[in-house]
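Good morning, everyone, and thank you for having me. Please take a moment to look at the structure, and then I will walk you through a few of its features.

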Amino acid sequence: MLSKALLMLVAIVLMLSSSSAVCSAGGQDKSKGASEIVALLEKSGYSYKKVDDGLWEVPGTGKNLKEFGIRLALADDILLVMVKLVARKDLKLEPALLTKLLELNHKFDSIKLALSEDMIYLRMDTHVRLLDSQELKYLVEQIANAADETYPQVKPFVAGAK
């Protein structure tokens, strides 16, 4: 009976110690991920600025949307690539806009078009472990092209837009 209790106690201690090692390894991965992102940004030739820890911005330009920021945000082992199209407060929310957003969302394969509490934005994501310089360029180019293509279709629903 005592040996069963001792065996159970040893098993619990081993489980707890292995789970704490996994948690601390996860923390190390985030800093490793951030340094990998910076190295890829440097290698890419894109100009960028650090906005915050785990958050960078690459300037984007297009024919329809002249200047915009492409945000790269590190969330654990995922890199989110986002472009804000319009602040929600500037939108005329009406059924035609919501229908347009659903149609646009259907049009894109790997890009998500979303209406949040704050804005309409485009988003792509990938696992950091899959990221290399070619994939980073693909993500930035795809989100920039989608933002430039999407903006004119959303613009009629922006208050005060010409």
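**Salt bridges, a core and a helix**

Let me begin with glutamate 149, which counts as partly exposed because its relative accessibility is 34%, where buried means under 20% relative accessible area, exposed means over 50%, and partly exposed lies in between, with a 1.4 Å probe and protein chains only. Before I go on, please keep in mind that this is a predicted model, in which local features need pLDDT of at least 70 and side-chain atom pairs count only at pLDDT 80 or more, while totals for chains, interfaces and linings use all residues. Residues are numbered from 1 along each chain as its sequence is written, and side-chain values use heavy atoms, with hydrogens and water left out.

Which residue forms a salt bridge with glutamate 149? The partner is lysine 107, and the closest N and O atoms are 2.4 Å apart, a salt bridge being a side-chain nitrogen of Lys or Arg within 4 Å of a carboxyl oxygen of Asp or Glu. Lysine 107 lies in helix 2 and glutamate 149 in helix 3, so the pair ties together parts that are 42 residues apart in sequence; helices here are DSSP runs of H or I with at least four residues, strands are runs of E with at least two, and both are numbered from the N terminus. Lysine 107 is itself partly exposed, at 47% relative accessibility.

By this rule the model has seven salt bridges.

Turning to helix 3, we find 22 residues and a reach of 31 Å from the first C-alpha to the last, close to the 32 Å expected at 1.5 Å a residue, the expected span being 1.5 Å times one less than the number of residues. Among the buried residues of helix 3 are Leu136, Leu139 and Val140.

Finally, there is the largest nonpolar core, with 39 residues, of which Ile70, Leu72, Leu85 and Leu122 touch the most other members; such a core is a set of buried Ala, Val, Leu, Ile, Met, Phe, Trp, Tyr and Cys residues joined through side-chain atoms within 4.5 Å. Helix 3 gives the most to this core, with nine residues. Leaving aside neighbours within four places in sequence, leucine 72 is in contact (heavy atoms within 4.5 Å) with several residues, including Leu41, Trp56 and Leu136.
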